[in-house]
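Work through the exercises below with the sequence and the coordinates at hand. Each task is followed by a solution in steps.

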Amino acid sequence: MDALTLLLAVALLLAVLHLFSVARRKGDLPAETVIRDLFLAVASVVLLRAAASFQIELAWWRELGHEAAFWRLIEIRWVAPSLAAGASFLILAGSFHAARRRSLTPVAQSFLFAAGGTAVAALVGTLLSFSAIDPWTSALWWTARSVPGYTDPIFGRGLAFYFYKLPFYQMVLGWAGALTIFAFVGYAFTLLVSSSTIVLLADPETPLSLREAPARVLTSLSSAARWGGAALLALFAAGRFLARYELLYSTHRFLYGADFVDARLGIPLDWVQAVLALALAVLIAAAPRRRFLVSEGLGLADAALGALPGWLSLVLGVGALAALLAPPLLLAAVRSLYVQPNELTLERPYIKHHIDATLQAYDLAADAHEEPYVPRDAETLDLSKDPGVAENLRLWDWSPFSDNITQRQTLRQYYAFPNVDTDRYLVDGRMRQVLISGRGLETGLLPQNAQTWVNLNLQYTHGYGAVAALVNSATAEGAPEMLLKDAPPQSDVPAFQIKRPEIYFGAETDAPVFVDGDQKEFDYPKGDDNAYTTYDGTAGIPIGRPWMRFAAAIARGDWNILLTSYLTKDSKLLLHRQIQERVQRLAPFLTLDSDPYLVIDDSGRMFWMLDAYTSTDLHPYSQPLQVGDQSVNYIRNSVKVTVDAYNGTVRFYVFDEKDPLLAAYRRLFPDLFEPRSAMPPDLERHIRYPEGIFDAQAEIYRTYHMRDPQVFYNKEDQWDIAKQIVTQESTQFMRPYYAMLPLPGDQKAEFALMLPFTSHNRDNMIAWIAARCDPPHYGEIVFYRLPKEELIYGPLQVQSRIDQVPQISQDLSLWNQQGSRVLRGHILVLPVDGTFLYVEPIYIQSTQARMPELKKVILVVGNHIVYADDLPTAIRELARPPASPSETLAAAPLPAESATAPLPPAPKGETAVLRALRAHFAAYRRYTAAGELEQAGRELDAMQAALEAAPPPAPRRK
């Protein structure tokens, strides 16, 4: 039984005891007394739970130093809907009481009827307002300011109008329309209750005042219908006025936004509908009031229709039909008969509006540009001349790396590595790309008998340390070469000297825990024993005082908090420890990227870095796109968030000062955000462009790079995201990948996020995109266009060529059986030295244990395919020309002791075929001497292939 259930049981018990006391004292127990006591018992528990939760939540915000933001959130959530609820109540209650006053029946004049109607008005007004009034729309409208930048080409309005003002006006209009309908229905219902007594008229003894009731009811109802109709028509006119702007969100076959018909005919028709509706509203309001007589014997429907003169009813009917039916018919006719035969000519400027708006909305207009990239023909590539590339060629994908370290570095069954990230650190004086992952604690993996309250709440409180490895190296066994490992963390690299390895706030640490008590916390495994620690950080809600401890027990629904003796006056409660939930609680208006990553600063402390987006679907003329679970047509990566893994401190840094959405939120929460300059330099060195917004921009640009309206209309040059082979039977679209290399035209290697494109429904590469991550160029996006007149292999084509190499095909088939399977790594396409280098790692994994090992490395340049046991061997082979012009496979990889042995000097004038034969024969002899007959047989096959590929001898001259 949890604390809340126990408290409710106690409250009900007290209520029952009080009822017994009342019954014994009075000898009777009225039903209203029972209902009152039981209601008070339940209500007191609910209010106590709400008060306790509020107190704990306020203490959590105060602990983080954001109490002002907490009260602002309360204000945003409650003020606007409450004001609307108050206004709704006044209007609905006023309508009810106005109808009640016009009724002469005893029922309508009774206190119970008046109280019930007032309560219903309060309930309906509250429900209507809290469902129709969006707090954030109201808050953004209140803080709306004009912002420089985009203005729509039709009305000349800026983004502030479309993001803040238009949604608010539409929201208020919808609320007002619903309120008008409810007010009329309430008024009519009250009169209907009054008219239900008309049966009294059959009695000749009925007083004259009641005999006149039907006429009064009909007169009042017709008056209400007249004014209600006028109000609804006025609201409809306002709606048609705002509907002009909604045309900028209309969907068409080839564009999103107003097209030729919308701009030239739709907007004028909206004006006509608005003026017509307003004129009809004035006519209805100005029409003479009609009084009904008892002798007329009309019903309610007759009264409603009879509220207007006959001629006005006819005008109203004809006008309504014309306003509703004529516009869609006229628009359809113009589109079919005039626009379609001349579509491209007429729609050209509107297509241009659509393209420009979409590029601006996805941040592809200012910080993105195109550059030509013409790769040179190459058969060799000497990476030893470019160590910045060679030492950062990524051979480890996150999934094989995660599986491998899970087997080697979890240390105990309750540890896990929930996410693996790629970053760059200074190693031996050079910036190197690494894979890094925090060792999280998952208490759900504890043995069932160990999942006690003390263990889950007091002892197993935090993860411990991290692991890191270079992306381009592996041990002789095919495992990652670790730069950071074990517990306590061990590393010979200064950048990975972790001084505070405890992870109290992480990707998986979602359960609350108590620290600074009498129970020592498990720190890390130490041989057959464990090491223990006590939290020494700044995080936590103090619960030493009795009220706070009681509040924590009620809020958490856990009576053990009250009963345990391990909590002391210094104990603290750590809440909301899952980093994404922690950040989202502080800033619910931001959308978080799905991939937070771990950073180690210069002092040896660990931080989580998260990317936050502002987004909306209200940008005019911009193409909507599904991003995660949201449909958006505007997005910015405006904020970087850091979370201290030990202290839980959350800081928000502004990285886009021009974002109009963020500007509004900064006005609402001025103390929540800090400028980019406030971010510590040792953390700023690790910022990276996030994959979430990069995916959206790549998806948009593959179509919207066609800026010429005619080309866009015909989709002549649409791109696709490149595909790659994932298994022998399936392919998938490539995911973006981080690489460290000099971009074309630069000399210094930098961290960049990349993705190749292919022609639509083709596999040849047509372009590639790079997002720069290092300051001062962070956020710059470059689209490199490839020449269309040349065939440049895409990733899928390169992999197909790799699969056609006999030796590789034989190996993959051989390893994909007998208890093992082949994992093909993410193929990388890297621009190096004016050409393209393709890199694909091959892993082997046992079917019994998920511990992949790096088995082979494939490098491809032009027609030169290198297949080697390790990266150094592959790099050396790539620098040598292929054995023959027609041979695409480099010399077979040799054992480590012979791979670097020099070949005998080549005789002068030796042909390429003879060089290949000499190389294969030398390898054949070495493999034979080592007893590796399978490899020796492959060398014989290679010699035969070289002979068959040799050109025929020239005929002798006689």
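The model is predicted, so local features need pLDDT of at least 70 and side-chain atom pairs count only at pLDDT 80 or more, while totals for chains, interfaces and linings use all residues. Residues are numbered from 1 along each chain as its sequence is written, and side-chain values use heavy atoms, with hydrogens and water left out.

**Exercise 1. The chain as a whole**

Task: Describe the protein chain by its helices and strands, its buried residues, its contacts and its accessible surface.

Solution. Step 1: the protein chain has 29 helices and 34 strands; helices (H or I, at least four residues) and strands (E, at least two) are DSSP runs, numbered from the N terminus.
Step 1: of the 958 residues, 52% are buried. Buried means under 20% relative accessible area, exposed over 50%, and partly exposed in between (1.4 Å probe, protein chains only).
Step 2: take the contacts (heavy atoms within 4.5 Å) with a separation of 6 or more; residues 24 or more positions apart account for 67% of them.
Step 3: the accessible surface is about 44,100 Å², and 59% of this belongs to carbon and sulfur atoms. The areas come from the Shrake-Rupley method with a 1.4 Å probe; for residues, only the protein chains shown count as cover.

**Exercise 2. The surroundings of Thr614**

Task: Is Thr614 buried or exposed, and with which side chain does its own side chain make a polar contact?

Solution. Step 1: Thr614 belongs to strand 17 (residues 606–616).
Step 1: Thr614 counts as buried because its relative accessible area is 1%.
Step 2: its side chain makes a polar contact with the side chain of Asp659, at 2.4 Å. A polar contact is a pair of N or O atoms within 3.5 Å; within protein, one must be able to donate a hydrogen and the other to accept it, and residues adjacent in sequence count only if both atoms are side-chain atoms.
Step 3: leaving aside residues up to four places away in sequence, the residues touched by Thr614 include Leu590, Tyr634, Arg636 and Leu661.

**Exercise 3. The partners of strand 20**

Task: Which strands pair with strand 20, and in what sense?

Solution. Step 1: two strands pair if DSSP finds at least two bridges between them.
Step 1: strand 17 and strand 20 (residues 634–644) are antiparallel, with nine bridges; Asp611 has Lys640 as its bridge partner in strand 20.
Step 2: strand 20 also pairs with strand 21 (residues 650–654), antiparallel over five bridges, and Val641 has Phe652 as its bridge partner.
Step 3: strand 20 and strand 21 form a hairpin with five residues between the strands, where Gly648 has a positive phi near 75°.
Step 4: 11 of the 11 residues of strand 20 are buried.

**Exercise 4. Strand 28 and its loops**

Step 1: Pro776 lies in the loop between strand 28 and strand 29, and the peptide bond from Pro775 to Pro776 is cis, with omega near 5°.
Step 2: eight of the eight residues of strand 28 (residues 765–772) are buried.
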